[in-house]
Amino acid sequence: MSETKTPETEKDEPNIRIVEDATCTFCGCVCDDMELTVDLDANRITKAKNACVLGRAWFLQHGIEDHPQAMIDGREVPLEEAMDEAARILHEAKFPITYGLSDSPCEAQRVAVAINDLVRGNIDTTTSVCHGPSGIAFQGVGESTSTLGEVKNRADLVIYWGGNPAESHPRHFTRYTVTPKGRYIPNGKKDRYVVLIDVRKTPSAPVADQLIRVKPGRDFELLWALRALVRGRDIDPDIEKITGVSREVLDELVERMKNCNFGVLFFGMGLTMTRGRHFNSGALLALATDLNKYTHFVAKPVRGHGNVTGADNVVSWQTGYPFGVNFHRGYPRFNPGEYTTVDLLARGDADAALMIATDPASNFPKHAIEHLKKIPVISLDAKPTYTSRQARVAFMVATYGINTGGTVYRMDDVPITLRPAFDSPFPTDEEVLTGILTRLKKLRANGRKKAA
Amino acid sequence: MAENGTELRIKGGKVYDPANGIDGEVRDILVRDGRIVDKVSEKARTFNIPGMVVMPGGIDIHCHIAGPKVNLSRKLQPEDHRLDVHPGTDVTRSGVGGVTPSTFATGYRYAMLGYTTAFDAAVPPLAARHVIEEFHDTPVIDKGFYVLLGNNMFLYDLLKQGRKQDFKDAIAWWVTAARAASVKLVNAGGDEFWKGRRNENVTDVNEKIDPFDLTPLHATAAFIEAVDELNMPHPAHIHCNNLGHSGNIQTTLDTMKAAEGHRAHIAHVQFHSYAGELGKRVQTGSEAIIDYINTHENITTDIGMVMFGKATAMTADAPLTWMLRNKDTKWINADTECESGCGVMPFSYQDTNYTHTMQWAIGLELFLLSQDPWRVMFSTDHPNGASFRTYPRLIRLLMDRGFRAEMMKQVNQKAISNSLLPQLDREYSLYEIAIITRAAPARALGLANKGHLGVGADADITIYTDDENRERMFNAPRYVIKAGKPIIEDHEFVDDHIGRFLHAEPVYDPAIEDHIRPFFDDYYSIRFNNYRVDASYLHDHEVMPLRNSGNGRKKKGK
């Protein structure tokens with residue numbers, strides 16, 4: 001299946017390989033139309049055709065670093081020894097936790113859940129600090145949604161709420177939602193009306209036909225007013241004072257939403273991580289559902305990490321819950337706020353941590369980081385990070401989508417197979433995690449023998 | 001598969017093996033290397049099971065157990081999991097139950113009923129990879145799926161242009177690309193009405209589907225013909241239009257008539273056997289439907305029974321779930337570009353409710369009026385009519401008229417008096433149960449090595465303690481053997497097993513890809529080259545032989 005070829009004309013040139021239809025895992029757009037030019041002698045990607053500014057940086061700046069595969073307390077050790085030590089730590093811990101996963105392929109995520117099932121640990125993903133509130137809202141109200149191709153083919157009203165895709169997901173507009181021509185949208189952008197709802201004018205604003213500025217922290221009130229108007233109810237006459245949006249603008253938007261043929265509401269962390277959190281997400285999802293009484297309307301969180309959607313899916317199919325899952329009783333339990341990593345660490349609960357493709361030591365709250373410093377940490381990452389430098393056991397792993405294959409899920413739950421560009425001297429995270437799992441099984445079997 | 005020389009002698013049980021005409025005779029069943037054989041060595045491990053009932057492992061021909069719709073349902077209902085946890089053991093993984101269990105719990109719980117094979121009935125091709133990934137985490141059972149093609153825009157374009165051969169080639173390409181076992185049609189034409197006409201739906205199989213210049217009936221007939229002509233092991237698997245509406249029997253009859261001369265499988269026919277007027281109280285239409293099926297050998301069906309309690313509506317028929325939705329019930333709609341729709345909604349069948357009771361009664365009536373158990377098979381359309389965990393109770397309702405009468409007293413009396421149920425005193429035998437849950441689904445799926453215990457069959461064997469209370473009996477098999485490996489012994493898990501993936505590879509002209517590729521460039525959001533499920537996902541799998549293509553089964557890798 002691999003679409004690789006070596007142009008014969010370049011025999012004396014460097015050893016070049018072209019990878020067609022490769023996938024960029026930098027953000028949740030997971031664009032699968034990359035054409036990568038790979039210099040195999042230099043282990044570098046020299047050209048990433050079709051990539052956005054973020055994708056180009058992702059591909060072109062990736063090189064193989066001169067770094068040990070595995071370290072214990074900052075000292076280079078053989079891979080096997082590090083896996084032994086990681087297994088010992090997890091086996092002996094009373095409350096081991098695992099966090100991250102959103103920049104790993106599903107194959108590795110599946111092993112990570114298996115490890116936690118075995119050691120009765122706690123597994124959580126970066127969802128708990130980004131669209132976790134949307135997951136919670138989803139449990140309450142459900143969701144009317146669609147794949148991005150359906151938006152391309154049918155959406156004549158596109159609304160973004162609390163997000164700035166021009167900077168965070170540069171190809172969202174151009175590949176999926178605004179500019180492309182679709183089956184029933186023959187003229188692309190001309191056939192769509194684009195609304196941006198945000199607290200400020202962002203670089204995404206020029207794409208929109210209309211910018212609606214909401215007062216910071218007033219998204220819920222604005223959403224609830226829209227729901228009321230859609231249902232023909234009265235709203236607070238002071239709505240403009242409360243939300244910063246006039247009644248006229250609201251009425252016009254409601255008419256537009258009710259009268260479009262296929263509407264979509266995309267929402268970002270400007271909605272999920274500000275005042276109201278899961279109430280905000282819930283209000284937005286409910287608004288989209290309400291509108292189905294009048295027309296076809298869908299909603300979709302704009303997810304950040306390349307495979308955070310895969311992490312949600314894998315953790316859900318193995319445990320029934322999307323994130324924040326605890327196995328301490330021998331079966332999965334879900335309780336955000338209790339089993340979510342920031343809360344666990346800030347409370348000082350965990351006594352060992354497995355950090356996969358994530359750097360909490362650089363971006364978690366202070367109390368959480370302080371506890372992390374007190375417990376043995378095992379880290380898997382493709383680059384040195386604050387977390388890996390402080391880790392008891394640190395594995396340097398190959399980069400997914402560049403050096404390894406596997407499966408990732410785009411933000412709309414579409415699974416895509418990766419096409420690696422060149423080999424890496426580092427193991428994959430799946431290999432490391434499988435090595436740890438195998439050792440844990442042996443440790444447990446020995447424990448049972450001793451007990452018997 | 002156990003290919004390590006494991007040998008078993010299952011001794012002294014009463015064997016129910018309808019495919020080989022064996023009706024409760026005491027026989028020994030011999031197993032070696034995962035297969036039934038006629039001879040084993042002295043070293044064979046012996047199970048002495050005098051008086052126990054031996055059957056092939058159960059086969060679910062229609063259920064929803066994996067993929068995006070099921071995972072959405074899992075995510076949607078934490079309350080359902082919390083009430084029904086599934087602890088792991090030394091040999092099995094943990095999980096959660098409820099009406100849509102986690103993957104591991106799904107596999108183990110099917111095994112705990114003596115089921116060893118199941119087919120997911122509705123997978124959009126774009127989600128095939130997801131389904132196969134979940135299958136890897138669904139233990140014990142062998143599994144496959146039917147791919148949703150009945151609202152595929154590219155295929156509709158070909159039909160509109162009258163390109164019959166291209167249509168057939170494209171179907172075969174899609175089945176192969178997705179690694180499906182057969183083709184599923186759901187509410188043909190409905191997607192375009194739902195997504196493209198502000199949530200409308202098809203109401204008449206003869207109305208035109210804009211912009212394709214086709215009717216649902218034309219499309220359905222074309223699919224039935226093409227899938228049959230491709231010699232697929234299982235024919236087109238059809239969810240008819242107008243599911244759940246009073247008076248839908250005419251649609252169902254029209255659909256079956258459109259299949260004349262070709263094999264077709266009508267799915268969960270209970271939901272399509274309603275007389276009465278549209279929008280009014282449902283009346284039983286079971287006689288009209290089952291009479292047609294009884295007299296038309298080209299039709300197979302599964303019933304899609306209803307059992308009272310918690311269920312979840314989960315279907316590619318999105319407008320149906322919207323119709324069922326009460327004010328403010330949590331609801332999922334999920335459109336898949338160019339291919340499919342999807343609706344998911346928690347649902348509960350209540351024995352005090354007229355309609356729900358009527359649905360329950362119609363499911364039983366269809367079975368009790370069926371004249372050919374080989375073509376009328378067992379299902380609840382899990383989790384739509386009920387969870388698969390209700391199978392033992394439903395089997396008892398079919399086998400035990402006293403139990404049925406007791407239950408009829410406890411449900412909505414108006415519905416019972418409008419139903420045929422009080423007049424029906426038939427009881428299914430164990431032999432007939434073995435047909436509708438084992439032998440018939442295997443035959444309908446073209447699985448020559450499943451659903452029976454003859455020499456050469458897969459050693460998927462269930463052993464029950466004989467018990468007059470058939471619910472208790474079918475609820476807890478004493479032993480379950482999968483691919484020759486004991487998985488459950490004395491009701492406890494003793495081993496784990498991954499299970500095999502089953503799929504078909506119909507033949508097509510590869511030139512069809514040149515027609516499909518430009519459509520992808522224009523209307524899909526992923527690249528054509530990234531669409532096909534590559535071989536790395538298959539692991540332990542088996543290609544189901546096409547019909548009339550010899551019995552040699554192609555076996556691949558492990």
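Which residue in β21(B) is the bridge partner of B:Val54? The partner is B:Ile463, and the points below set this pair in its context.

1. Basis of the note. This is a predicted model, in which local features need pLDDT of at least 70, side-chain atom pairs count only at pLDDT 80 or more, and totals for chains, interfaces and linings use all residues. Residues are numbered from 1 along each chain as its sequence is written, while chains are lettered from A and ligands numbered from 1 in the order in which they are written.

2. Strand β5 of chain B. Helices (H or I, at least four residues) and strands (E, at least two) are DSSP runs, numbered from the N terminus. Strand β5(B), residues 53-56, is joined by four bridges to β21(B), residues 461-464, and the two run antiparallel; strands pair if DSSP finds at least two bridges between them. With β1(B), residues 7-17, β5(B) pairs in the parallel sense over two bridges, and B:Val54 is the bridge partner of B:Val15.

3. Faces of β5(B). In a regular strand the side chains alternate between the two faces of the sheet. Here both faces are covered, with B:Val53 and B:Met55 buried on one side and B:Val54 and B:Pro56 buried on the other. A residue is buried if 20 or more other C-beta atoms lie within 10 Å of its own, exposed if 12 or fewer, and partly exposed in between, with C-beta atoms placed from the backbone.

4. Contact between the chains. In total, 46 residues of chain B are in contact (C-beta atoms, placed from the backbone, within 7 Å) with 54 residues of chain A. Elements giving two or more residues to the chain B side include α1, α3 (103-111) and β18 (331-335). That side has 16 nonpolar, 16 polar and 14 charged residues; Ala, Val, Leu, Ile, Met, Phe, Trp, Tyr, Cys and Pro count as nonpolar, Asp, Glu, Lys and Arg as charged, and the others, Gly among them, as polar.

5. One pair of bridge partners is A:Thr145 and B:Ala334.

6. A helix pair across the chains. The axes (lines fitted to C-alpha atoms over the stretch in contact, with angles from 0 to 180 degrees between N-to-C directions) of α13(A), residues 308-319, and α1(B), residues 68-76, come within 9 Å and cross at roughly 75°. A:Asn313, A:Ser316 and A:Trp317 meet B:Asn71, B:Arg74 and B:Lys75 there.

Conventions: Two residues are in contact if their C-beta atoms, placed from the backbone, lie within 7 Å.
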